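Trainee: Could you take me through this structure one feature at a time, giving the general idea before the particular case?

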Amino acid sequence: MVSDPLPRDFVEAFDALREPLGPFGQRHIFFDTIGSTNDIVAALSAEGADEGVVVIADAQTAGRGRRGRTWFSPPGAGLYVSVLLAPGRAATEPVRATSLLTLAAGVALAEGIEGATGLSADIKWPNDLRVGTRKLAGILAEGAAVPGPPTALRVVLGFGINVGPAAYPPDLAARATSLESELGRPVDRALVCVHALASLAARYGDLMTGRFDAILDHWRRRAPGHVGARVRWQDGGEPRSGVTAGIDDTGALLVHVGASLRRVIAGEVIWE
Amino acid sequence: MDLDQLKQILRLVQDHGLSELEIEHEGLRLRVRRDGAGPGVTPSAALAGPSALYPLPPEAAASGVWPASGVLPTGVATPASDAADTELELAVVKSPIVGTFYRSPEPTAPAFVEVGSTVKKGQVLCIIEAMKLLNEIDSGYDGEVVNVYVENGQPVQYGERLFAIRTK
């Protein structure tokens, strides 16, 4: 797969913020159009690429979300970025660090967007970014199985941010929004990308050094729906509904269902 | 551990009416479980058919016996029986995490593997989702899938058995 030159505005934005980028300041691979940035990073990981490699695309032809969902990725409208991480190397509690990785990524993305544009987005558990009820950005994390101890786990973390308005398919139009639609002005995509990666470097640093409380605190502040909101989800095929009661120390969503408290760790939770 | 020791263990389980016994000895972990003792899967179902390949004393016939050694277990050769000169191994792939078990990459796609599928080392067997991190679980072995213990979409615990693979 032959990559394309990193556009000038990205080169400048990366140069301006090299230090805070930490592991994401080293290697940037850009594609005008690619199937999926996550797939490219997974392939690089299989070839032994170092943690921190960044793949960016202007458009994806097979952009995807959780469980085969499509992530609409037309040219010029969004930012599609994937990075390679190794949360199992965390200095303390690698299992907890891995569990909190996706929440940390949600916090980082919200902080990066706010830093670059001033727009404050809410987090929907575990890490969708929304403005009101509309989705602004999503994260897809995929763990590549590695034989051996859990510390060997490598994670491909991809995010998609809707930057400008696009001709969304009808089923998306009512549920999606973009930075430019919300702000009513043009947004510097390269700046958003670099701020998001710098925030990710900082929150990933928290994770790797055991500063879990910082991640949980910031996540809670940005996720108003994690307490007292009515939600429904599927539990092993059974439909359930209840009222959110916070998240626990591993990031699991707690939900009151009648008199009992349930812990949700996977699947899609729908806020009503 | 030799065959006699194995027999002793199995007798112990039977004599004391134990439903399950797990022991660790010189780096080998053994779990013995009697039919119908646990919820869901009965180990003997996985071994239906090739019982002759599994040279256990008659009293053990009702028990499933195989090594269980951590996240990516190494198969353990069964003791050679009278006539059999080939060594056959049965490996169990366990869940490295707590999460939701998916047998296919997406809801409408076919399963990664079925019972009877031939698998290569490194081939993806399933996905386990936790905290929206979708973990691909690989086969650590070349071999044939002889059992799938968990149904699609069900929660799994750390260390829970996912697949049995007869290694080649």
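Predicted model: local features only at pLDDT ≥ 70, side-chain atom pairs only at ≥ 80, totals over all residues.

Trainee: Where in chain B does Arg103(B) lie, and does it count as buried or exposed?

Mentor: Arg103(B) belongs to the loop that runs between strand 6 (99-102) and strand 7 (118-119) of chain B. Its relative accessibility is 17%, and because buried means under 20%, Arg103(B) counts as buried.

Trainee: Which residues is Arg103(B) in contact with, once its neighbours within four places in sequence are left aside?

Mentor: Ala111(B), Phe112(B), Val113(B) and Glu114(B) are among them, as are Leu125(B), Val148(B), Val150(B) and Asn152(B).

Trainee: Turning to chain A, how should I read the order of strands in the open sheet?

Mentor: As a general idea, the strands of a sheet pair through backbone hydrogen bonds, in either a parallel or an antiparallel manner. Here the open sheet of chain A has five strands in the order 11-10-9-8-12, with antiparallel pairing. Strand 11 (260-264) and strand 12 (269-271) of chain A stand at the edges with a single partner strand each, so one side of each has no neighbour in the sheet. From one strand to the next, the twist averages 40°.

Trainee: How many bridges pair strand 10 with strand 11 of chain A?

Mentor: Strand 10 (residues 253-257) and strand 11 of chain A are paired in the antiparallel sense over five bridges, and Leu254(A) stands opposite Arg263(A) of strand 11 of chain A. Strand 10 of chain A also holds Val255(A), which counts as buried at 0% relative accessibility. Leaving aside neighbours within four places in sequence, the contacts of Val255(A) include Val231(A), Trp233(A), Val243(A), Leu261(A) and Val264(A).

Trainee: What does the domain assignment of chain A give, and how is the area buried between the two domains read?

Mentor: The assignment gives domain 1 (8-221) and domain 2 (226-271) of chain A, and their C-alpha centres lie 25 Å apart. Twelve residues from domain 1 of chain A and 15 residues from domain 2 of chain A take part in the contact. The area buried between these domains is about 1,200 Å², with carbon and sulfur atoms giving 56% of it. On the domain 1 side of chain A, Lys124(A), Trp125(A) and Arg220(A) lose the most area to domain 2 of chain A, together 50% of what that side buries.

Note on methods
Residues numbered from 1 in each chain as written. Chains lettered and ligands numbered in written order. Heavy atoms only, no water. Pairing = 2+ DSSP bridges. Helix = DSSP H or I, 4+ residues; strand = E, 2+ residues; numbered from the N terminus. Axes fitted to C-alpha atoms, helices over the stretch in contact; angles between N-to-C directions. Buried < 20%, exposed > 50% of the residue type's maximum accessible area, 1.4 Å probe, protein only. Contact = heavy atoms within 4.5 Å. Domains from an automatic or database assignment. Buried area = accessible area lost by both parts, 1.4 Å probe.
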